Amino acid sequence: FTRWLRFGTVPPEQMVQSPIVQYAFTGLKETQCESLSESSSDLLCELAYISSDLSTGQPIFQMLTSQLPLLQEYFFAAVKDDNETLARAVTRVIAEMAERYVHVLCEPSPDAINMVNLVVSCSAHKDTQIAQMTYQFWYKLLKALKDAPEHRQRREEIFAPGLLRLVPIFATSAAYPEDCDDWSKNEEDEFRNFRMESLFDAVLDVSEIVSPLKCLHALVPVLTQQLEACVIKGG
């Protein structure tokens with residue numbers, strides 16, 4: 001079915017009515033069968049991909065975005081239950097939707113703000129592999145804002161409260177955990193690459209959207225806390 005979507009053999013109006021598509025949202029949370037959850041995530045991501053051109057994909061766009069409250073419910077339930085399989089599946093879908101619809105999200109409607117804030121929550125996930133799924137979106141959002149400079153300041157002001165939540169989270173994610181001395185060489189390299197590439201790029205993208213000065217102000221509390229912790233530990 002996913003291949004049919006890519007090759008456009010099913011009209012968008014029929015796709016959104018398909019029982020398979022409707023069941024994909026239910027299948028996401030069936031994490032006891034990980035392959036079903038993953039396949040459901042694949043299908044919904046493919047739908048977002050093929051509907052990025054709203055001139056042809058409007059029915060799919062409307063169907064997917066109407067399910068954002070459900071995806072949000074799934075994600076926060078996954079965080080509460082520490083269900084990383086569900087969090088990963090839902091984050092993939094949210095990140096794919098955000099990337100494909102970034103041109104729509106540049107317009108700060110209430111729905112756009114809600115979606116951007118949901119991506120912020122996904123970026124804040126404690127599992128860095130899950131959080132990294134969203135980082136490409138921040139680059140694409142920044143690029144889209146630059147490509148449409150009119151009213152950019154107003155857009156940035158509206159997005160800033162949510163984006164500034166990410167700054168201390170990124171700072172915390174960059175800190176080496178207490179058990180890092182027990183890491184293997186591969187684990188050390190993987191975390192170092194995460195800090196210097198994925199995380200660093202995401203920080204730059206967010207800081208350029210909301211301004212470096214505001215990001216520095218947002219960093220002060222977490223840096224102060226980390227400094228105090230080091231003083232106590234050293235003392």
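Core. I looked up the largest nonpolar core, which has 70 residues, and noted that those with the most contacts inside it are Leu64, Leu71, Met97, Phe137, Trp138 and Leu163. Helix H7 (residues 84–100) gives the most to this core, with eight residues. I took a nonpolar core as a set of buried Ala, Val, Leu, Ile, Met, Phe, Trp, Tyr and Cys residues joined through side-chain atoms within 4.5 Å, with buried meaning under 20% relative accessible area (1.4 Å probe, protein chains only).

Basis. I am reading a predicted model, in which local features need pLDDT of at least 70, side-chain atom pairs count only at pLDDT 80 or more, and totals for chains, interfaces and linings use all residues. Residues are numbered from 1 along each chain as its sequence is written, and side-chain values use heavy atoms, with hydrogens and water left out.

Phe137. Leaving aside residues up to four places away in sequence, I found Phe137 touching Ala98, Glu99, Val102, Leu105, Val116 and Val119, where contact means heavy atoms within 4.5 Å.

Thr134. I located Thr134 in the loop between helix H10 (128–131) and helix H11 (135–147), the helices being DSSP runs (H or I, at least four residues) numbered from the N terminus. Thr134 is buried, with a relative accessible area of 1%, and, again not counting residues up to four places away in sequence, touches Thr91, Ala95, Val119, Cys122 and Ser123.

H6 and H9. The contact between these helices is made by Leu68, Gln72, Phe75 and Phe76 of H6 and by Met115, Leu118, Ser121 and Cys122 of H9.

Methods:
Buried < 20%, exposed > 50% of the residue type's maximum accessible area, 1.4 Å probe, protein only. Helix = DSSP H or I, 4+ residues; strand = E, 2+ residues; numbered from the N terminus.
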